[in-house]
Amino acid sequence: MFPGFGTLVNTSLILLGSFVGLRASRYIPNSLKDGAINAIGLFTLMLGVKLLYENKPETLKVFFTILIGSALGHLIKIEESLHELLKNRGGDSLSGFVSASVLFTVGPMTLLGCILEGTKGDSTLILSKAFMDGFSSIILSSSLGKSVAFSAFFVLIFQGSLTMLAFYLGSFLPKDSMSNALFVGGGLMLLTGAKILGLLERIKVLNFFPSLFISLLV
């Protein structure tokens, strides 16, 4: 296995799952779609709470990480730019992209899986996550549309970057960075879960994503 193999499989399964979900959408009752989306929203909230509870971050460092990352994300307008890109490519909604991107990239399996693959060449964890994401993408795309498929490219860039970072700099990452990153990720999952449930429409979650990268480096 080469560094990034698990991420390539992950990306492929999300694309495949999105294709299946879009094709099957017409045969799935709207009530079932709504129930599945609400379940995913609730699960995302619960996982966010779990990450916040289990990780003991350096509070001041996390605060400045989120502050700087959010300022950077809003300055370069990550979510707004992606919204325009999806519109130009015929995307039907940014909500599917945001929900899927956060759900597929934030969490211990992503961070640990990428680090294990990058430092030890062990793709087992990231491949397990890939099959889970593939199944989830079927449900998400059937309800939220084709924008879910675009999250595959976000996963490719995000997880690929983490794997390469671990491959080249794994031994130099600060000891507390993992805990800080998972804590920040827990907060992002809470925001995402609330958005999936329609509670925080005005919050631009993707503009907070630079905080995750920064938390791994400080």
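How many aromatic pairs does the structure hold? In this predicted model, the structure holds seven aromatic pairs. One of them joins Phe 154 and Phe 158, whose rings are stacked, with 5.9 Å from centre to centre and 10° between the planes. Both residues belong to helix H8, which spans residues 147–169, and they are four residues apart, or about one turn of the helix. Phe 154 has a relative accessible area of 18% and is therefore buried, the cut-off for this class being under 20%; Phe 158, at 4%, is likewise buried. The rings of Phe 167 and Tyr 168 form an edge-to-face pair, because their planes stand at 85°, where an angle over 60 degrees is required; the centres of these two rings are 4.9 Å apart. Phe 167 is partly exposed, with a relative accessible area of 42%, whereas Tyr 168 is exposed, with a value of 59%.

A nonpolar surface patch of about 540 Å² is made by Phe 2, Leu 8, Leu 15, Phe 153, Leu 156 and Ile 157. At least two residues of this patch come from helix H1 (5–24), and at least two from H8; the most are given by H8, which supplies three. Leu 15, one of the patch residues, is found in helix H1 and counts as partly exposed, because its relative accessibility is 34%, a value that lies between the limits of 20% and 50%.

With regard to the backbone, Lys 77 has a phi near 55°, which is a positive value in a residue other than glycine. Most residues other than glycine have a negative phi. Lys 77 is found in the loop between helix H3 (59–76) and helix H4 (78–88), and with a relative accessible area of 47% this residue is partly exposed.

Methods. Residues are numbered from 1 along each chain as its sequence is written. This is a predicted model: local features need pLDDT of at least 70, side-chain atom pairs count only at pLDDT 80 or more; totals for chains, interfaces and linings use all residues. Side-chain values use heavy atoms; hydrogens and water are left out. Rings of Phe, Tyr and Trp (its six-membered ring) pair if their centres lie within 6.5 Å; planes under 30 degrees apart count as stacked, over 60 as edge-to-face and the rest as tilted. Buried means under 20% relative accessible area, exposed over 50%, partly exposed in between (1.4 Å probe, protein chains only). Patches are made of residues with over 30% relative accessible area and no salt bridge: like charges are joined within 9 Å, nonpolar side chains (Val, Leu, Ile, Met, Phe, Trp, Tyr) within 5 Å. Accessible areas come from the Shrake-Rupley method with a 1.4 Å probe; for residues, only the protein chains shown count as cover. A salt bridge is a side-chain nitrogen of Lys or Arg within 4 Å of a carboxyl oxygen of Asp or Glu.
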